Amino acid sequence: MVMVFYGSNGKSNPVSMENKVEHQTENQITYDIHLPSDLGMLYKVRLGLQSLANNVSQLSLRHFKIQNTSTLDTFSLTINKTLPLSPDGDRWIEFPIQWPLKEALSVVTYHLRVFSRNIWNERNLVHMTACVYGTHGDTGDRSLLQSLQNVQQGEKNESFLVIVDAVDLGELEKIVLLISSKTDCKLDIKKLHVQEAAKEHPIYVFEVNEEFSVNANSPEIQREIPASFVIRGEKQMNDTDNKLNKEGSQVKNWAEYTIKVYTGDKRGAGTDANVHIILFGNEDKSEVFQLSQSLEHQNPFERGKVDTFKIKTKKLGNLRSIEIGHDGKGF
């Protein structure tokens, strides 16, 4: 069993539970832990199993208590969980630490969806973990292939859902992938989506678009993937309009753009996915806009059609480039 402690100034290395205090009551173990002083105020703990000796290794946790021996500040929490959380599932749990007079973060269930071309076929040969980083810390390495859920297979792509419980990460910033394999294979990963299970938005999109060649003799592959963009939802344009109305005299600092999208006339050229656009200028870049309200058609992006959209954003200067893409939903 190991623990990782997070403080306002950083996090600890994994701490092995080895320094047991001699006097123990039944079903209770006490450890002395010496943490670096530069961690600052502790705000969360990750507790788990570093490795599983076999498929039946389990750890039943009932209660957790931590006390600062200098200040005697004490935090306690009833857990009542058994690790791993499912037969092939997560080996870690996280919980916030609430000190006296300090507001604690909440535990959030995140949905991490992986879009790929061939992971489903290779799932028994490949070991892949993801560590999601945000402004409030990270999730640690969580397995992506142990318990696949909500698998969706299309003509060219597939996706599957991974559920991760973690203390609120804040604004998501990057994902670090670790990939290894028992045999030679290629893994084609397109992108990853992360969002809170209880909310439709925001959706953090991490573009990968890479084919990984892995084999048993090669070292573990590591990729750091920064957030590509954030889908904030269809209210963006209304929120921008409201902001413009409130700011009144500052309207001169905003600009309106007309966007025409010409969908190709080949078979399968259209899409039912949610399309977004970002404009980049020499002075600034726009937020992410959903292109959902076409001035011509109720159902935009049909084959051989032209759709017009109007957006309002801050002044960007001379336009240099755009990013346009979709979330892969629908046909």
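Me: Strands (E, at least two residues) and helices (H or I, at least four) are DSSP runs, numbered from the N terminus. Where is the place of S286 among them?

Reply: S286 sits in the loop between β20 (275-281) and β21 (289-290). One heads-up: this is a predicted model, where local features need pLDDT of at least 70 and side-chain atom pairs count only at pLDDT 80 or more, while totals for chains, interfaces and linings use all residues. Residues are numbered from 1 along each chain as its sequence is written, and side-chain values use heavy atoms, with hydrogens and water left out.

Me: Why does S286 count as buried?

Reply: Buried means under 20% relative accessible area, exposed over 50%, and partly exposed in between (1.4 Å probe, protein chains only). S286 has 5% relative accessibility, so it counts as buried.

Me: What does S286 touch?

Reply: Skipping residues up to four places away in sequence, S286 touches I278, L279, T313 and L316. A touch, or contact, means heavy atoms within 4.5 Å.

Me: And why does N118 count as buried?

Reply: N118 comes out at 17% relative accessibility, so it gets the buried label too. You'll find N118 in the loop between β8 and α1 (119-122).

Me: How far apart are N118 and E158 in sequence and in space?

Reply: They're 40 residues apart in sequence, but 7.3 Å apart in space, C-alpha to C-alpha. E158 is also in contact with N118, as are K186, L187 and D188, leaving aside neighbours within four places in sequence.

Me: How many buried residues does the protein have, as a percentage?

Reply: Buried residues make up 39% of the 331 residues. For the overall layout, the protein has 2 helices and 23 strands. Look at contacts with a separation of 6 or more, and 67% of them join residues 24 or more positions apart.

Me: Which residues touch the most other members of the largest nonpolar core?

Reply: L112, L144, I179, I189 and L192 do, in a core of 32 residues. The elements giving two or more residues to this core are β8 (107-116), β9 (126-134), β13 (158-167), β14 (172-181), β15 (185-196), β16 (203-214) and β17 (221-226). A nonpolar core is a set of buried Ala, Val, Leu, Ile, Met, Phe, Trp, Tyr and Cys residues joined through side-chain atoms within 4.5 Å. Apart from this core lies another, of 19 residues, including M3, M17, I66 and I79.

Me: What does L192 touch?

Reply: Not counting residues up to four places away in sequence, L192 touches L112, R113, V114, I175, L177, Y204, V205, F206, V208 and I225.

Me: What makes up the lining of the largest cavity, by class?

Reply: It has 5 nonpolar, 1 polar and no charged residues. Asp, Glu, Lys and Arg count as charged; Ala, Val, Leu, Ile, Met, Phe, Trp, Tyr, Cys and Pro as nonpolar; the others, Gly among them, as polar.

Me: Which element gives the most to the lining of the largest pocket?

Reply: β5 does, with 9 residues.
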